[in-house]
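Student: I would like to go through this entry term by term, setting each value against its cut-off.
Tutor: Go ahead; the entry comes next.

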Amino acid sequence: MTRECAVLLPGVCAALADPRQPGLDDTCLEKLLDWFRSLTDPTVELVQDNPCLTELITSVLALQDPSPSILSFTLQLAGILASSESRFQHLQQEKLLGRLFGREGPRGGAAWEDASVRSAWVKGVHSMVHHQPALLFLCSTGGMDVIFTLQGDPSLFVASAASQLLVHMLTFSLESETSKALSTKDCDWPACAQMIVKHIQESLQSCSASRMEQSLKLLSSMFGSCFGSCYAAWTEVLWLEIAKQIESFLLEETVQAQPLLANLLLNVARSPVFCGTEGSFWALVTSALEHLTPVQAGPLAVGLLKLCKCPQDVRIQALTVLLQPMDCILRAASQPLECAGLLDESVSDPGTVESLLSSKTTCAGLLCQTLAHLEKLLSLRHLRVDLPCVSLLRSLMTILQFCNGFLSPASPLGSTISRNLINCFRVQKSALDVLAALSEEKDCDTLIGSLFDVLLAYLQSPNTSPTVLRKTFQATSKWLVHLQELSCSNSQWQQTEKILEDVFVVLQKRLCSPCWEVRDSSLEFLTAMVKCLRGQKEFRQCLLSSEVLRLTENLLEDPESYVRASAVTAVGHLALITCFAPESPVTGNPYNKESIVAKLQEILSTDSEGFPRRAVISIFTKWLREGCTGQLEDTEQFVSRVIQTVERDLDWEVRLGGLELVEVFCSQSICQLSQCPYAPVSSAVTGSSPEKELLQVFCRAKLFGFLFGSLCDCDKPVGQRACDVLVGLRGHFYPVSTLENPQEIEDSPAGRGIAWLQRTLRQGSLAQNFPTDSGDGVDFQDPESMMLALGAIDLLELHDELNKSSDHVEESPQSLLQDILATVGTIEDNEVDCY
């Protein structure tokens with residue numbers, strides 16, 4: 001603790017304990033506690049040298065009816081102070097801890113009715129229990145029973161904190177026992193751990209459903225925490241003590257706690273104790289997969305499939321559980337004699353899944369859960385089981401056809417499921433997500449024609465909702481990439497061309513939709529296609545022979561700003577095919593490079609919304625990166641025009657985009673004009689022709705005025721990015737990290753302007769007051785002056801200042817204590833400026 005804080009602390013403690021003072025803001029009290037937590041000195045001197053802390057606790061305890069916020073603060077403060085054994089003993093000698101956390105404390109009074117007081121008591125105990133004396137104190141004063149009771153507290157925050165505390169106490173109490181050799185026959189739990197284990201066992205055998213659930217949740221937390229991985233022997237002992245009871249819960253279908261069992265078993269399975277394939281544990285997991293309902297077993301199954309150490313037979317069973325609903329869908333849609341499904345046999349009764357899918361209330365929920373799990377599995381790089389991708393794809397197509405009514409199943413079950421799923425947006429979106437993920441698989445080529453029939457039906461249907469349409473576009477773009485790869489390898493150009501033609505016909509219609517969301521997602525789809533397929537000849541031909549180019553350009557004037565922004569992005573990517581492609585475009589191309597650039601520049605300078613302007617600067621930067629803006633002279637003029645527009649923009653993200661454009665331009669110019677792109681230039685060479693030419697290019701493009709002005713931008717990210725660019729330029733022109741002599745510089749006419757610039761930058765003047773046209777003798781278009789500025793101004797110091805938090809001073813503990821003292825005693829509402 002600093003001397004300044006120690007001087008302020010007594011006044012703060014006196015104000016906190018004074019019932020006549022108005023209550024402080026809870027955030028302020030929490031920040032005060034954060035400060036005490038950050039004091040790492042564990043010695044008793046903290047409380048001995050600051051007696052105001054114990055006086056505060058004593059004063060609050062003496063109050064007849066302390067406010068809940070002050071009592072809560074005091075409980076947490078005492079717990080933090082008592083986290084050190086020496087300070088704990090000092091507070092014990094002062095007889096304070098028993099009055100806070102013992103039987104004579106608030107847990108027996110009226111204040112206990114307030115949930116914030118109960119929560120603070122738990123937090124205080126959690127902070128305190130970091131040494132054996134605190135653990136013994138809690139066990140001897142009846143604290144364990146209080147914590148067990150708080151597990152079932154009506155406040156979820158209190159109940160959760162109590163469970164976390166028990167996990168911490170069990171782990172801490174075992175720390176001294178880790179070296180003991182344990183066996184299932186010779187196990188002696190430490191006293192505190194024994195109390196917790198006994199409580200769990202009694203609760204599991206209790207007739208109270210709530211007590212059973214609390215203990216199952218507690219066990220899940222224990223096995224899921226470091227206890228399960230750091231205390232392997234104890235983990236095995238604990239599991240053996242409860243395994244029989246868990247098994248009985250699985251077999252008793254009436255037990256309400258069954259949904260919690262899946263999470264418990266999964267957390268136990270993650271423990272290194274159960275790495276082997278032998279043993280009763282995995283048999284119990286198999287039993288759970290059989291006896292839990294499909295909804296309960298799903299999370300367990302997908303969790304098991306992610307485990308690398310899960311036995312293969314259990315892994316196969318877990319996959320079977322996930323595929324059962326998809327299997328049922330396929331069988332329901334098939335002719336009775338075909339019975340084509342995904343599975344040869346089921347893990348549990350297929351009738352259960354059929355019953356859930358037949359019910360209107362459970363059908364969509366089961367399918368959405370199953371599809372979400374399958375999408376997770378498809379995202380894994382190394383899945384240790386083989387997914388039946390072809391059958392899975394067929395099942396997904398069946399679900400999508402059920403949802404839009406395009407399939408008339410022959411079986412009664414299929415008819416029922418179809419009625420349940422008609423126009424079900426939730427299932428449609430989930431199925432399309434899995435469909436998109438399946439595009440990465442290589443085994444689905446035989447169904448690709450049928451798949452695009454389903455996708456096109458969704459794209460064409462007027463009943464497809466905008467959200468589902470967006471998902472359909474995303475899945476279609478991924479499968480078009482797969483189709484392109486397939487066509488390249490199998491020469492199936494005819495099928496590809498037909499599908500592309502159909503897609504463009506639909507796209508033309510959707511670009512004219514009265515619904516702005518549809519127009520927006522159509523443009524996003526078009527952009528995604530161009531990104532992936534612009535190198536494919538068939539794609540370019542279909543694109544240029546359609547009306548898509550004209551319609552997209554028209555949408556640059558759409559009344560909705562989101563659509564205009566998407567149109568800008570689409571036009572920018574299309575220009576890579578129509579204007580900037582190395583090969584000659586197809587005859588009749590309506591795109592003209594000059595007109596497109598002019599239109600986008602007009603949007604950048606005149607559009608009233610930020611989204612389209614951000615899109616323009618992003619596209620211009622992309623063009624520059626891809627070398628689409630011509631030779632250096634053309635690029636220089638292009639960049640100059642753009643930044644003169646951008647520096648006046650009121651949207652900081654547009655200005656930031658302008659700096660990114662400048663950074664790319666600088667990098668490319670250095671590469672083109674330097675002998676070696678990444679070689680730094682020695683100071684002896686700074687007068688050489690390439691360096692002079694480089695500075696002249698930057699000055700003609702008016703880069704330096706924009707960069708130095710941005711350093712003083714009122715939005716910090718802009719200043720930070722500008723400083724990064726200038727530091728990079730300084731590193732190129734001045735590879736040795738030394739500044740020019742400031743005194744010598746200031747004696748010259750140009751140097752006086754540079755000295756003024758240095759002072760201005762240190763003051764952080766706002767950009768709108770920053771003179772960029774030779775203000776105060778600074779000529780931002782003079783190469784020699786700018787060379788001088790790069791060498792004289794301490795950009796690294798400025799970089800450090802810009803990267804400091806804006807409230808690094810206000811966040812100090814001293815400032816916090818001063819805020820509290822300034823606030824207490826006022827009678828109006830308290831709103832402390834508490835960082």
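Student: Leaving aside neighbours within four places in sequence, which residues is Val302 in contact with?
Tutor: Leu322, His373 and Leu377, where contact means heavy atoms within 4.5 Å. This is a predicted model, in which local features need pLDDT of at least 70 and side-chain atom pairs count only at pLDDT 80 or more, while totals for chains, interfaces and linings use all residues. Residues are numbered from 1 along each chain as its sequence is written, and side-chain values use heavy atoms, with hydrogens and water left out.

Student: Where is Val302 found, and why is Val302 called buried?
Tutor: Val302 is in helix α18, a helix being a DSSP run of H or I with at least four residues, numbered from the N terminus. Buried means under 20% relative accessible area, exposed over 50%, and partly exposed in between, with a 1.4 Å probe and protein chains only. Val302 has 5% relative accessibility, so Val302 counts as buried. The C-alpha atoms of Val302 and Lys376 are separated by 8.2 Å, although the two residues are 74 apart along the chain.

Student: What makes a space a cavity, and how many cavities of 30 Å³ or more are there?
Tutor: A cavity is a set of points, on a 1 Å grid over the protein atoms alone, where a 1.4 Å probe fits but cannot get out. The count by this rule is 2.

Student: Which helix gives the most to the lining of the second largest cavity?
Tutor: α21, with 4 residues; lining residues have an atom within 4 Å of a point. Helices α18 (294-306), α19 (312-333) and α21 (360-379) each supply at least two lining residues. The lining includes Leu322 and His373, both also in contact with Val302.

Student: How many disulfides does a search of the whole structure find?
Tutor: It finds 0, a disulfide being a pair of cysteine sulfur atoms within 2.5 Å. For Cys328 the nearest cysteine sulfur, that of Cys363, is 9.1 Å away.

Student: Are Cys403 and Cys328 buried or exposed?
Tutor: Cys403 counts as buried because its relative accessibility is 0%. Cys328 has a relative accessible area of 6%, so Cys328 is buried too.

Methods. 1 Å grid on protein atoms, 1.4 Å probe; cavity = no way out; pocket = protein on both sides within 12 Å on 5 of 7 lines; lining within 4 Å. Points joined across faces, edges and corners; volume = space filled by probe spheres on them.
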